[in-house]
Amino acid sequence: MFSDRAINLTPSATVELNAKVAQLKKDGIDIIKLNIGEPDFGTPENIKRAAKQAIDEEFTKYTPVPGIPELRQAICHKLKAENGIDYQPNEICVSTGAKQALINAVLVIAQAGDEVIIPTPCWVSYEEMVRIAGAEPVLVPVSQQPGREFDLDIAAIEKAVTPRTRAIIINTPNNPTGAVYLKETLEQLVELAVRYELYIITDEVYEKLLYNGAVHVSVASLSPEARKISITVNGLSKSYAMTGWRIGYVAADRPIVAAISGIQGHMTSCASSIAQRAALEALTGPQKSVEVMREEFSRRRNMMYSRLKTMPGITCSDANGAFYLLPDISAYYGKRYGSTIIRDSCDMANFLLDQAHIAVVPGASFRAPDCLRLSYSNSMENLQKGLDRFEEALSYLK
Ligand SMILES: Cc1ncc(COP(=O)(O)O)c(C=O)c1O
């Protein structure tokens, strides 16, 4: 009855788990959520005020498709000052979240018969976006070398390139690994992409969430060639605790952005006028709250990492970005608790929910089958309690 496009989408592995979490909560069970994919902070007051003012001023009509000129100008200033990239306002398209910016980019670049390379572990939506465009996702695992866990494997990416490859989608800082790619790695990726005439769609939504001295590098800043092939995607959801406001954007060469605007014009017209005014305030107003949130995430990350490191059977990479850690729990595969056998990350997530009352995301959702994704977007007290429960539940497995 439905299109292949709809039928072929992989249902989210977390849907069932989320339904179970909701039911347990309804039954009055105290579930600690270590699966949260958005900042647990409120949107800063100055941003909320700007939105209220926009409503009061009747700034409530359609805007130009790629966004209000002031916001596009502010994005250009930001990209210049923070990322070292020169863009003009007509090289920016504001969208309904980075998610729409990403699918717009994929729809412009790829179609049936094309391939798009996605390094794994990866965020859940990239593969599906490529499939929605009719193209084929080609998954390439990250490096397995000790000390380089979660870094891009450039040689493996090169091996995956075929005459049908159109683009590579990268995400730094990374969801779910927390990895922040180094400049040298990105330079190698650019060299490869230029040689094979591929686009790099670079998702930088977690760029402000960096810890322990990690530095974010925007691919497009590396060289004029890098800028030419880069489609830089960013948004305000994670940096400014604005997930529900739905503001993201793409920055790229003028013809790419014109094509993206063409598609968006028929999909959603423009992002919400009110949210655009809020985004303008976010980018041009005081930035103190961004740093306050980052510092709190940093404290939580350090606590979670140092605890995971000491847990028996757990290995965890010392990742310094976003708000996730991705511990490897495969040492527990094959172990039992009563009649429960842990065969994979979904079994482990279910076991932890049932026995420890903590919600985590199975790594399988992100093509990381040996891992669980733990989010530290929760209060220090809840995180401590959640990790106590995690450690205790692991000790039941024999
Ligand atoms: C890696 C990554 N990219 C993009 C998004 C989407 O962000 P937005 O809220 O701007 O659509 C998310 C949200 O979870 C994400 O984790």
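**Entry 1: H5 and H6**

I looked up the pair H5 (residues 97-109) and H6 (residues 125-132) and found that the two axes come within 9 Å and cross at roughly 40°. Axes here are lines fitted to C-alpha atoms, for helices over the stretch in contact, with angles from 0 to 180 degrees between N-to-C directions. H5 is therefore oblique to H6; angles under 35 degrees count as roughly parallel, over 145 as roughly antiparallel, 65 to 115 as roughly perpendicular, and the rest as oblique. On the H5 side, I listed Lys99, Leu102, Ile103 and Val106 as making the contact, and on the H6 side Ser125, Met129, Val130 and Ile132. Contact between two residues requires C-beta atoms, placed from the backbone, within 7 Å. By class, I have six nonpolar residues, one polar and one charged in the contact of H5 with H6. Nonpolar covers Ala, Val, Leu, Ile, Met, Phe, Trp, Tyr, Cys and Pro; charged covers Asp, Glu, Lys and Arg; the others, Gly among them, are polar.

**Entry 2: conventions**

The model is predicted, and I kept in mind that local features need pLDDT of at least 70, that side-chain atom pairs count only at pLDDT 80 or more, and that totals for chains, interfaces and linings use all residues. Residue numbers start from 1 along each chain as its sequence is written. Helices (H or I, at least four residues) and strands (E, at least two) are DSSP runs, numbered from the N terminus.

**Entry 3: the ligand shell**

I found 13 residues surrounding the ligand, with Gly97, Ala98, Lys99, Gly235 and Ser237 the closest; a residue is near if its C-beta atom, placed from the backbone, lies within 6 Å. H5 supplies the largest share of this shell, three residues. The shell divides into three nonpolar, eight polar and two charged residues.

**Entry 4: H13 and H14**

Next I took H13 (residues 345-356) with H14 (residues 380-396): the axes come within 10 Å and cross at roughly 105°. The two helices are therefore roughly perpendicular to each other. Phe351, Leu352, Gln355 and Ala356 of H13 make the contact with Arg389, Phe390, Glu392, Ala393 and Tyr396 of H14. I classed the residues in the contact of H13 with H14 as six nonpolar, one polar and two charged.

**Entry 5: domains**

I have the protein divided into domain 1 (4-42 + 289-396) and domain 2 (47-286), with bounds from an automatic or database domain assignment. Over C-alpha atoms, the centres of domain 1 and domain 2 are separated by 26 Å. In contact are 30 residues of domain 1 and 32 residues of domain 2. On the side of domain 1 that touches domain 2, helix H12 (288-309) and strand S9 (324-325) are the elements giving two or more residues. H12 gives the largest share of that side, six residues. I counted 14 nonpolar, ten polar and six charged residues on the side of domain 1 that touches domain 2.

**Entry 6: backbone checks**

I found a cis peptide bond from Thr172 to Pro173, with omega near -15°. Pro173 sits in the loop between strand S5 (165-171) and helix H8 (183-195). The bond from Asn175 to Pro176 is cis, with omega near 20°, and Pro176 is in the loop between S5 and H8. Phe150 is not a glycine, yet I noted a positive phi of about 75°. I placed Phe150 in the loop between strand S4 (136-141) and helix H7 (154-160).
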